[in-house]
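Trainee: I would like to learn how to read the features of a protein model, one after another. Could you take me through them slowly, giving the general idea before the particular case?

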Amino acid sequence: PYESRYAIYNAVREDTAPRPISSSIDQAVQAHLMRIAGEKDSPHARHLARLASMHPFFVVDRVLHKARLLNPTTIAYLVQGLRYFTALQFDILLYTLLIHLCEITSKDTIQLPEWLASLGSFVALLYKRHFGVLHFIPVMDFLIRRVRRGGFAELQLIRKLVQTLAGHTQEDPNLDPEMYMCGPVLRLVLLDSPVLHSTGAHLATQAFHSTLGPQLETLVSLLDGIRTRTPGLPHHDSVNDTLQVLLQFLPRTHTPVPRALTPLLNFQLLRTYLPLPIW
């Protein structure tokens, strides 16, 4: 389980923290990242992976710092530059991402939305390329817990992540969450996906969709509850935008759920109420 792995990573990270990395290694990592982000199929990818095998926590931390400052094109180059990373190094990268999110969302800065959008693009492109070895469930569990506790800044990352995986970058102007919701009770039934049945749907998108379906369902229910309970607060627009993106990505049909169902209705009850396969 990821809890056990992350506990080990945390112990190792705390044990190695008092020992500073030499300036020569720091400069080498920074130089390799600069070259990798500046050119396609950079030969410096092997050198970066070699350094990551010796100092994994330091290297992935520098990778994440670099990723949040890049534009979409150079983010794609950076993801290509990680092609020699091992499954263990990718797992450490996702663990470090959670620490990174806790640190940057605690800062009150106007750059935060840009940082989160860049990290969302980076993680999505990384998943598209290495979905076979990336264990993404802990990241989604973390994001759901943050939103539940009022961390609405992370919605920017969620939107960018799902948009990049789904292959679209703009919300559908004709998709109104009010069409799919009746109070906290969802009007959508997850039966058919326009994304997965579209031409050229990516295998990584399907893997993300099938593996993280329960977490995405939970997130939709959570956001719909927040949207109906706090219609006038500043985060309302962000919640609405995220719902639009998720509803485009998730399977949906226009079959309404009866209003008699209580707000406590969850997707497990939907499966019972409508005896049709969802996933």
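**Reading rings, helices and a pocket**

Mentor: Let us begin with the aromatic rings: counting ring pairs whose centres lie within 6.5 Å, the total comes to 12 aromatic pairs. Please keep in mind that this is a predicted model.

Trainee: How is a pair of rings described, and what is the arrangement of Tyr 6 and Tyr 95?

Mentor: In general, one gives the distance between the ring centres and the angle between the ring planes. For Tyr 6 and Tyr 95 the centres are 5.3 Å apart and the planes stand at 65°, and because planes over 60 degrees apart count as edge-to-face, this pair is edge-to-face. Since Tyr 6 belongs to helix H1 and Tyr 95 to helix H6, the pair ties together parts that are 89 residues apart in sequence.

Trainee: And how should I read two helices that pack, such as H8 and H12?

Mentor: Two packed helices are described by the angle between their axes and by the distance between those axes. Helix H8 (residues 137–148) and helix H12 (residues 213–229) pack at about 10°, with axes 10 Å apart, and as angles under 35 degrees count as roughly parallel, H8 is roughly parallel to H12. Among the residues making this contact are Ile 137, Met 140 and Ile 144 of H8, and Leu 219, Leu 222 and Ile 226 of H12. Sorted by class, the contact of H8 with H12 has 9 nonpolar, 2 polar and 2 charged residues.

Trainee: At what angle do H11 and H12 pack?

Mentor: Helix H11 (residues 203–211) packs against H12 at about 65°, with the axes 4 Å apart, and the two are therefore roughly perpendicular to each other. Here Phe 208, His 209, Ser 210 and Thr 211 of H11 meet Gly 213, Pro 214, Gln 215 and Leu 216 of H12. This contact of H11 with H12 has 3 nonpolar, 5 polar and no charged residues.

Trainee: Finally, which residues lie nearest the centre of the largest pocket?

Mentor: Empty space is found by rolling a probe the size of a water molecule over the atoms. The largest pocket has a volume of about 440 Å³, and of its 18 lining residues, Thr 16, Ala 17, Ile 21, Phe 57 and Phe 58 lie nearest the centre. Helices H1, H4 and H6 each supply at least two lining residues, with H4 giving the most, 5 residues.

Key
Residues numbered from 1 in each chain as written. Predicted model: local features only at pLDDT ≥ 70, side-chain atom pairs only at ≥ 80, totals over all residues. Heavy atoms only, no water. 1 Å grid on protein atoms, 1.4 Å probe; cavity = no way out; pocket = protein on both sides within 12 Å on 5 of 7 lines; lining within 4 Å. Points joined across faces, edges and corners; volume = space filled by probe spheres on them. Axes fitted to C-alpha atoms, helices over the stretch in contact; angles between N-to-C directions. Parallel < 35°, antiparallel > 145°, perpendicular 65-115°, else oblique. Contact = heavy atoms within 4.5 Å. Nonpolar A, V, L, I, M, F, W, Y, C, P; charged D, E, K, R; others polar. Phe/Tyr/Trp six-rings, centres within 6.5 Å; stacked < 30°, edge-to-face > 60°.
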